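Welcome! Here are some exercises to work through with the sequence and the structure side by side. Try each task yourself before reading its solution.

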Amino acid sequence: MHPVGSNWSGNYNYVAARLHTPGTLDELRALVTASSGLRALGSRHSFTAIADASELVSVAALDGHVTLDLEASTVAVPAAITYAQLAEILNRQGLALRNLASLPHISVAGAVATATHGSGDTYGNLATAVVGLELVCADGHVRFFARGEEGFDGVVVSLGALGVVTRVVLEVEPFYEVRQRVYEGLSWEALFAHYSEVTSHGESVSVFHRFGPRTEQVWVKSRVGTDPLVDEGHQLFDAVPADGPRNPVPGSDPARCTEQLGVPGPWSERLPHFRSDFTPSAGEEIQSELFVAREHAVPAIQALRELSHEITPLLLIAELRTMAADRLWLSPQYGQDTVGLHFTWRRQQTAVERVMGLIEAALEPFGARPHWGKVFTARAADLERSYTRMDDFRALRERLDPRGVFVNPWLRAHILAPT
């Protein structure tokens, strides 16, 4: 048992009295069956109480072997492995994942459980790569769920509510390289007039802005061999290519960012915004993100621009990015292609929560869904209107965890039916 401390950002201090680190699967099973309130703790990159409880468990000390199945094009990994660690292994084998998040430092199980994502018109969130998942349930039994089986689509994005994930099986593909280019000064007029053309300009596209007269930067990531050949001075509508490396937050040091200027490199060193061998920031920030159907992208952005006087005093940077639809019950992309409206805030918790209430109200007509690992204010009664499989998930949770071992106050507030 060890002191628990705070999350990565420092905006949340865990209330848990104990952090368990079992060294074997049997030790974990015994812990789960003896517990009345337990949650799994990953890389601590969530910004809320989602991963807190009276007792926490880390699976980082469990068997860490990685198993490749070349015939099935899959890799089985321990839940606590980070994407940076996994990428290093895959690269040595000439393999790759289809997508990565902005930060490669996060754990696979935590990212999957919260439907964390990268960007791309045709790319699903990271949970869509899961083809199998091993779970220690409340009764101590180890269960394996495979894609296509009943309940699988509810188990993958589980929010930690169904058990402790111990291993995850992911799809892999042959190694590939990516070029990353940054453009500056795209006007709102050009973005709104050509939104689909901008987001499809590469396989992964992020538009960074601070609600000013023009957007700040457009980061375009394209696979080598499929990316369009562009001249050095090529413009993206009225945006011009950056003349040097950039950080998403204008004026910040770009040394921690992945290489740009069209220099080809491994997928794992271009798809994230930040390098795996650097901590991307000191953690002095809070993040929020809401998702709307892609057809509502322009009016949703316009609605936020009308709140810019409330948003910008707290804002470090905002980001627009797209994700493809999926069938995972609690995924924000369930049943619809989406645009993500991301905010990186100054670490002022009370002020951020107040502004997020205004933002959620402004986006309510568009059926906005939150990123589960980031700060939002909507409660279960509000969220069940946009998450149409919420009742199915609640029933699955009751079936797998009738004792409520993995239920915590966050889950009661945001997922479980009001009582």
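**Exercise 1. A residue with a positive phi**

Does Leu 159 count as buried or exposed, and at what relative accessibility?

*Solution.* Keep in mind that this is a predicted model.
- Step 1: The cut-off for buried is under 20% relative accessible area.
- Step 2: Leu 159 has a relative accessibility of 3%, so it counts as buried.
- Step 3: Now look at the backbone. Leu 159 is not a glycine, yet it has a positive phi of about 60°.
- Step 4: To find Leu 159, go to the loop between helix H4 (152–155) and strand E9 (164–171).

**Exercise 2. Another positive phi**

Find the loop that holds Phe 237, and work out how exposed Phe 237 is.

*Solution.* 
- Step 1: Phe 237 sits in the loop between strand E13 (217–223) and strand E14 (240–241).
- Step 2: Its phi is positive, about 55°, although Phe 237 is not a glycine.
- Step 3: With a relative accessible area of 33%, Phe 237 is partly exposed.

**Exercise 3. The faces of helix H9**

Which residues of H9 are buried, and why do they line one face of the helix?

*Solution.* 
- Step 1: Start with the length. Helix H9 (residues 349–363) has 15 residues, and the reach from its first C-alpha to its last is 21 Å, close to the 21 Å expected at 1.5 Å a residue.
- Step 2: The buried residues of H9 are Val 352, Val 355, Met 356, Ile 359, Glu 360 and Leu 363.
- Step 3: Looking down the axis of H9, you find these buried residues within an arc of 145°, so they line one face of the helix.
- Step 4: Finally, ask what covers the buried residues of H9; the cover includes strand E16 (286–293), H7, helix H8 (308–311) and strand E18 (338–345).

**Exercise 4. Helix H7**

List the buried residues of H7 and describe how they are arranged around its axis.

*Solution.* 
- Step 1: In helix H7 (residues 297–305), the buried residues are Ala 297, Ala 300, Ile 301, Ala 303 and Leu 304.
- Step 2: Seen down the axis of H7, they fall within an arc of 155°, so they line one face of the helix.

**Exercise 5. The nonpolar cores**

How many residues does the largest nonpolar core have, and which have the most contacts inside it?

*Solution.* 
- Step 1: The largest nonpolar core has 81 residues.
- Step 2: Trp 267, Trp 372 and Ile 415 have the most contacts inside this core.
- Step 3: Zoom in on Trp 267. Leaving aside residues up to four places away in sequence, Trp 267 touches several residues, among them Leu 90, Leu 100, Phe 175, Tyr 176 and Pro 272.
- Step 4: There is also a second, separate core of 42 residues, which includes Phe 47, Val 205, Phe 211 and Ala 297.

**Exercise 6. A hairpin in a sheet**

In what sense do E7 and E8 pair, and over how many bridges?

*Solution.* 
- Step 1: Strand E7 (residues 130–136) pairs with strand E8 (residues 142–146) in the antiparallel sense, over 5 bridges.
- Step 2: Check opposite residues: Glu 134 faces Phe 144 in E8, and Gly 132 stands opposite Ala 146 in E8.
- Step 3: The two strands form a hairpin with 5 residues between them, and Gly 140 in the turn has a positive phi of about 85°.
- Step 4: Widen the view to an open sheet of 5 strands in the order E4-E5-E9-E7-E8, with antiparallel pairing.
- Step 5: Strand E4 (67–69) and E8 are the edge strands, each pairing on one side only.
- Step 6: From one strand to the next, the twist averages 15°.

**Exercise 7. What meets the hairpin turn**

Which residues does Thr 33 touch, not counting residues up to four places away in sequence?

*Solution.* 
- Step 1: Thr 33 lies in helix H1 (residues 25–34).
- Step 2: At 38% relative accessibility, Thr 33 counts as partly exposed.
- Step 3: With residues up to four places away in sequence left out, Thr 33 touches Ala 138, Asp 139, Gly 140 and Arg 403.
- Step 4: Thr 33 and Gly 140 are 107 residues apart along the chain, while their C-alpha atoms are separated by 5.3 Å.

Conventions:
Residues are numbered from 1 along each chain as its sequence is written. This is a predicted model: local features need pLDDT of at least 70, side-chain atom pairs count only at pLDDT 80 or more; totals for chains, interfaces and linings use all residues. Side-chain values use heavy atoms; hydrogens and water are left out. Buried means under 20% relative accessible area, exposed over 50%, partly exposed in between (1.4 Å probe, protein chains only). Helices (H or I, at least four residues) and strands (E, at least two) are DSSP runs, numbered from the N terminus. The arc is that of the directions from the helix axis to the C-beta atoms. The expected span of a helix is 1.5 Å times one less than its number of residues. Contact means heavy atoms within 4.5 Å. A nonpolar core is a set of buried Ala, Val, Leu, Ile, Met, Phe, Trp, Tyr and Cys residues joined through side-chain atoms within 4.5 Å. Two strands pair if DSSP finds at least two bridges between them. Axes are lines fitted to C-alpha atoms, for helices over the stretch in contact, and angles run from 0 to 180 degrees between N-to-C directions.
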